[in-house]
Amino acid sequence: FSNIACELLTSDVSIINDKLGGDESLLEMLYKFLDKDPPLNPLLASFFSKTIGNLIARKTEQVIAFLKKKEGFISLVLKHIDASAMMDLLLRLISCVEPATLRQEVLHWLNDEKLVQRLIELIHTGKDEERQSNASQTLCDIIRLSRDQANQMQDNVDSDPLLTVLESQETVTGLLKNMFEGERSEASIVNGTQVLLTLLETRRSALEGLMDLYSQGYERSYTVSSSILSAIEPYLKDFQQLLLDPPKKSAILMTVGILEQPLGNARLHVARLVAALLQTSAPSICQELCNLATMDLLLDLFFKYSWNNFLHLQVELCVAAILNHPSSEEQPSLDIQNHDGDPVASNSDREGEKGTNSDLKSSVFNALVAHLFQKCQLVQRILNAWEENDKIQADGGTRRGNMGHLTRIANMVVQNLEKGPVQAQITDLIKELPEDCRGRWESFVDETLRETNRRNAVELPFMVGLSCDISSG
């Protein structure tokens, strides 16, 4: 009868809420559900979480006072974090407490209990994968909830202590140490990177991806804290090493044949992280990615794993971030406050540094664009891949799965040759190509690419503007 009991207790009848929330012996009886060895029964855990969650929303003060008296409450919840219902319970404490003053009190209590640090400790090589995944998801939800709440409250409330801790350089560094300490595991890399990606999110959107990037430019809902980027930068070489030497995976059978060495979720998440970092336009990060030749390696993977469209999209986003980077006036500002809320530099100092910073950003991005065309040989790769695909199809083979994304990348180059922030530089870089390559490129743009775009527009009228080929999935 546990389901019926839960439905009755959460039926939002005031007399039931008053009785349950006002009688500590009844709350004690409910609380004892947590005092068990893991794993909890998932269904019963969901009933427990729903009941407590209802009381948190309806009898907030009484229930919060009761839970705060329980010294081991957070420890018990984290002990059972492998049950997703425990994630829900934590998030209800963060999002369902009203008024704002009481919510702030709860946030400080959770912060005093070191909730963020304890969740991060669970994302560690050797830990149970389910616990790692749920801890990661909880941290991601805390970041998004806290930022949304801050946006709604504006300046009417104190800063969220959980978010402040999460965005601190010390915390991000601790997370990265856990990810790379000891024997690397795909679970810790993926779950840790999920948290980093959430920290790097600059807006919430129903549509994520290229069209969002192209249509809205670089509008930002949130700023990326410089402390996050400062923590990530020293570990870029470790992420680079993951692209070269990922956690071992068994061969898998695909419809196009056996894949001896799958790309893997770890490398896909590294590609996602690089795309997100490039979109921050942070000069030191972009310079380090250039020094490491990360884009060259990602393009290698783009062509090697010709059927992995998840990877293709991330590489395309990287190219878009390099070619469409905003001017210094449009670039998103980084939050350069320290964690006491005091500005690092005065306004007058910043004004004095503006010209220097602008020159630095331009220099770094010019180097990154040059790197893309010279070291990575983007134009040559596009031409060679297209010719190889034509030969495969002429011999009766299947069109490669990355051709739709390659079409969009080629169109991106052409569009930036016509207009854009690096138009002049790209024009010069194209002129520097060997004469035969330049001739092949001009013929490709005037004939092959033009015909491909025309055919796509005719065949896919419902996707006009995407320049996407349906066969690329």
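Reader: How many of the eleven residues of helix α19 (residues 294-304) are buried?

Author: The model is predicted, so local features need pLDDT of at least 70, side-chain atom pairs count only at pLDDT 80 or more, and totals for chains, interfaces and linings use all residues. Residues are numbered from 1 along each chain as its sequence is written, and side-chain values use heavy atoms, with hydrogens and water left out.

Eight of the eleven residues of α19 are buried, so this helix is largely enclosed by the rest of the structure. Buried denotes under 20% relative accessible area, with a 1.4 Å probe and protein chains only. The buried residues of α19 are Thr294, Met295, Asp296, Leu297, Leu298, Leu299, Leu301 and Phe302.

For context, 49% of the 473 residues of the protein count as buried. The protein has 25 helices and four strands, these being DSSP runs (helices H or I, at least four residues; strands E, at least two) numbered from the N terminus. Contact means heavy atoms within 4.5 Å. Among contacts between residues at least 6 apart in sequence, 75% join residues at least 24 apart. The protein exposes about 22,700 Å², of which carbon and sulfur atoms supply 50%; this area comes from the Shrake-Rupley method with a 1.4 Å probe.

Definitions and conventions
Buried < 20%, exposed > 50% of the residue type's maximum accessible area, 1.4 Å probe, protein only.
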